[in-house]
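Dear colleague,

Please find the structure below, handed over for your own work. My notes on what was found in it follow.

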Protein chains: 2
Amino acid sequence: MTDLPISIDIHEEGPREGFQIEPGPIPTAEKIRLIEALAETGLHHIQACSFVNPRVVPGWADAEATIAGFTPKPGVHYTALWFNGNGLERALAFRDKLHITGSISITASEAFTRKNLNRSHAENLEAMRKLTATHISHGVAVTRIGVQAAFGCNYQGDITPAQVISTLEDAFAIAQEYGQQIQRISLADTMGWAAPQRVERVVGEVRSRWPEQKIGLHLHDTRGLAVANAHAGLRMGVAQFDSTVGGLGGCPFAGQKGAAGNICTEELVLLCEEMGIHTGVDLDRLIEVGRMAEEIVGHVLPSELIHAGSLGAFRRRAA
Amino acid sequence: MTDLPISIDIHEEGPREGFQIEPGPIPTAEKIRLIEALAETGLHHIQACSFVNPRVVPGWADAEATIAGFTPKPGVHYTALWFNGNGLERALAFRDKLHITGSISITASEAFTRKNLNRSHAENLEAMRKLTATHISHGVAVTRIGVQAAFGCNYQGDITPAQVISTLEDAFAIAQEYGQQIQRISLADTMGWAAPQRVERVVGEVRSRWPEQKIGLHLHDTRGLAVANAHAGLRMGVAQFDSTVGGLGGCPFAGQKGAAGNICTEELVLLCEEMGIHTGVDLDRLIEVGRMAEEIVGHVLPSELIHAGSLGAFRRRAA
C-alpha cells in the first residue's frame, strides 16, 4: 500500500542553517570541526555555508574562511547557499571543493515573498530569471526548483496544493525559457505548517503533475510534527530530505522567536533505519556529532535522540 | 487504504507523569491549578495523581491533598494510578471524584520487570492475580490491560510482537480466572523503542488476536519519534492515546537521565486536527495550559508547539 523508498539521500544542512541563526560568534575552527565530523558519519551531502551579505547574516561573515579551511572527504558533496550573482561568484571561487549547481527558489506565499524578500511574486520571478541567466553565464546548470512555504505561511495562512502547482509552473517556465533541465523539486515547510495529510496531498499533486521529477522535502519542526511529516513523505516515496544535525537552525525570517529548527538528521536516520530504509549513515557516530554541535553552540539542541542515545547501544548491551 | 479514526480519546497524564518526575517540590495549589485548567480545554480524561509510596515517589506525597483540593468539571473523568491494594484504598477514599477502574499491568520484558519491580514475570503475574482479587473485593471492575515495554527495552533490547502477544495472553488468563471483562489493551512504549513499522506490526498482531478489544497507545518521545509513531497508530485505527501537556514526564525508572517525556498532548491534537480527526480539544486553550505547565515546573518543556503557537492564531491573523 505504500511507496516506501529502499534508501534515501540526506542533505545535511546543519552547518549552514545552524550557524546562520546562532547569536554566535562561533569560531571558524569550530564550524570546520563540525563539517569534517559530519563527513565521517556516512553523510554524502553537506551544506557547509551560506554566501550571503554579512550585514544581513553576520554568522556567515567567515564563509570563505570556513570553506577554505576544511579538508574535504572524497565521495562527499559539499554545497553552499547563495541568493544572487555575488553569492554565486563567491561560491565559484571554491569550485574545486564545492558541488555547484543552480536553483530557482520561489515562494508559494506572496505575503512571505514580500515580507522575506521585499518583492512581489512577479518581481521575484524576474529576479529568478536574472539569477538563472547569471548561472548560465558562469557555466552553472540550474537543476533544482525550491518552493518555500509550500505547506502554509505565517503571513498568508494555508497554502493550497493548487498554489504550489501554480508557483512551480512559474519556475518551470523560467527553466524552459533558459533551456535548463530541472531534476529535483524541493518542497519546503519553511514555517512549520505541514501535517501528514497535507504532505500527502501536496506531494501527490506535484508528483502527478511532474511524474519524472524527484521530490525532496525540507521540513522544520516548528510545531513538533516534522518526523510525522517525514513518515508521510516516506510513505509517498519521497527519497530526499534536508535535515540538520541536532535539529540546528530555525528560520530567522519567519517572525517566530524560539521556533524549533529543521528536522533532526539523527531522528530522520532512526526513523528510516527502523523502517528498513537505508541511509548510509552510522547513527552512533552521528549522535556523537550532534552532541558536538550542542557543545559548539553552547546550548541544548532540540534533538531528543542525542540526549537519549541510540537503540544500537542498548541493543549491544542487552545482547 | 487506512483505518483513520473519526475521533480519538485522549487520556491526559500530564499531572501524574509530570509531577512524579520533577525534582520539585511543586506546591499542591499549583498541581490543582493545572488539573483545573486542563479540564477547561475539552479534555475528557485527566489522570490527576499517583497513589504511590511517598518514600519512592516524593512528588506525590500530596496525592490526597491534590485530589481533595480540585473542583471537578462535570463530564470529565478524573483518574489516578496505583500499584497495590494500599494505593487502591487511598483512591477509593475519593470515589466521588475519581473514575475508578482496575488494570492488569504487565511488562513484555522480563529484564525490565526485574529492574523496575524487582520481580520475575511469574512473580509479577502472581502480584497481578492478588491485585485483581483486591479490586474485586472492593467492587472495582478490572477493565484494562497495560503492557509496558511493548516495543523494546533498554535492558532486554528488541521485543517481538510474539512476546507482546504472549504477555497479553498471561494477562487475559488472569482476567478470565477472575471473571473480568477487559475492554482495552494499552501498549506502552515505556523506553522509547517504537518506530512506525514496529507500531504497525505490534498493533496489527494484537488486533488480529483480539479483534474485539480497543487498543490504546502510551508513547514516549525519548528518541523523537513519538508523533511519527502516533501517525502510524492512527493509520492502524488506534483511537485512544495517553499523552501529557507540554510533554511533561519521562520514565524515572528507565535508566536514562534527560530522556524526554510522553508525547505532547498539544502536538497530538495538532496532528489529529490537521488530519481531520476530531479530539474535542480547544488547541489554543491547551497551548496556554502547556505554557502554564512550563511556568509551574520552572523549566523549558519539550513541546515545540507551546513555543511556536498554533496555526489557528496565524490563520486568524492572515484571514
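Is A:Ala149 buried or exposed? With 29 C-beta neighbours inside 10 Å, A:Ala149 counts as buried. Here a residue is buried if 20 or more other C-beta atoms lie within 10 Å of its own, exposed if 12 or fewer, and partly exposed in between, with C-beta atoms placed from the backbone.

Before the remaining findings, some conventions. This is a predicted model, in which local features need pLDDT of at least 70 and side-chain atom pairs count only at pLDDT 80 or more, while totals for chains, interfaces and linings use all residues. Residues are numbered from 1 along each chain as its sequence is written, and chains are lettered from A and ligands numbered from 1 in the order in which they are written.

Loop residues

A:Ala149 sits in the loop between strand S5 (142–148) and helix H7 (161–177) of chain A. Helices (H or I, at least four residues) and strands (E, at least two) are DSSP runs, numbered from the N terminus. The phi angle of A:Ala149 is near 55 degrees, a positive value in a residue other than glycine.

In chain B, B:Asn118 also has a positive phi, near 60 degrees, and is likewise a residue other than glycine. B:Asn118 belongs to the loop between helix H5 (110–117) and helix H6 (121–137) of chain B. B:Asn118 is exposed, because 9 other C-beta atoms lie within 10 Å.

A:Val56 is placed in the loop between strand S2 (45–51) and helix H3 (63–69) of chain A. A:Val56 counts as exposed, with 12 C-beta neighbours inside 10 Å. A:Val56 and A:Ile263 are 207 residues apart in sequence, and their C-alpha atoms are 24 Å apart in space.

Helices H10 and H11 of chain A

The loop between helix H10 (265–274) and helix H11 (283–297) of chain A holds A:Asp282. A:Asp282 is partly exposed, since 17 other C-beta atoms lie within 10 Å. Leaving aside its neighbours within four places in sequence, A:Asp282 is in contact with A:Thr41 and A:Gly42; two residues are in contact if their C-beta atoms, placed from the backbone, lie within 7 Å.

The axes of H10(A) and H11(A) come within 9 Å and cross at roughly 165 degrees. That makes H10(A) roughly antiparallel to H11(A). Axes are lines fitted to C-alpha atoms, for helices over the stretch in contact, and angles run from 0 to 180 degrees between N-to-C directions. Angles under 35 degrees count as roughly parallel, over 145 as roughly antiparallel, 65 to 115 as roughly perpendicular and the rest as oblique.

On the H10(A) side, A:Thr265, A:Glu266, A:Val269, A:Leu270 and A:Glu273 meet A:Leu283, A:Leu286, A:Ile287 and A:Gly290 of H11(A). The residues of this contact divide into 5 nonpolar, 2 polar and 2 charged. For this division, Ala, Val, Leu, Ile, Met, Phe, Trp, Tyr, Cys and Pro count as nonpolar, Asp, Glu, Lys and Arg as charged, and the others, Gly among them, as polar.

Helix H11 of chain B

Does the span of helix H11 (residues 283–297) of chain B agree or disagree with what its 15 residues should give? At 1.5 Å a residue, the 15 residues should span 21 Å, and the end C-alpha atoms of the helix are 21 Å apart, which agrees. The expected span is 1.5 Å times one less than the number of residues.

Among the buried residues of H11(B) are B:Leu283, B:Leu286, B:Ile287 and B:Val289. The cover over the buried residues of H11(B) includes helix H1 (14–21), helix H2 (28–39) and helix H10 (265–274) of chain B. Just after H11(B), B:Gly298 takes a positive phi of about 80 degrees.

B:Ala91 is part of helix H4 (residues 85–92) of chain B. B:Ala91 counts as buried, with 24 C-beta neighbours inside 10 Å. Not counting residues up to four places away in sequence, B:Ala91 touches B:Phe51, B:Ala80, B:Trp82, B:Leu98 and B:Ile100.

The contact between the chains

Chain B gives 42 residues to the contact and chain A gives 42 residues. On the side of chain B that touches chain A, the residues divide into 21 nonpolar, 13 polar and 8 charged.

With kind regards
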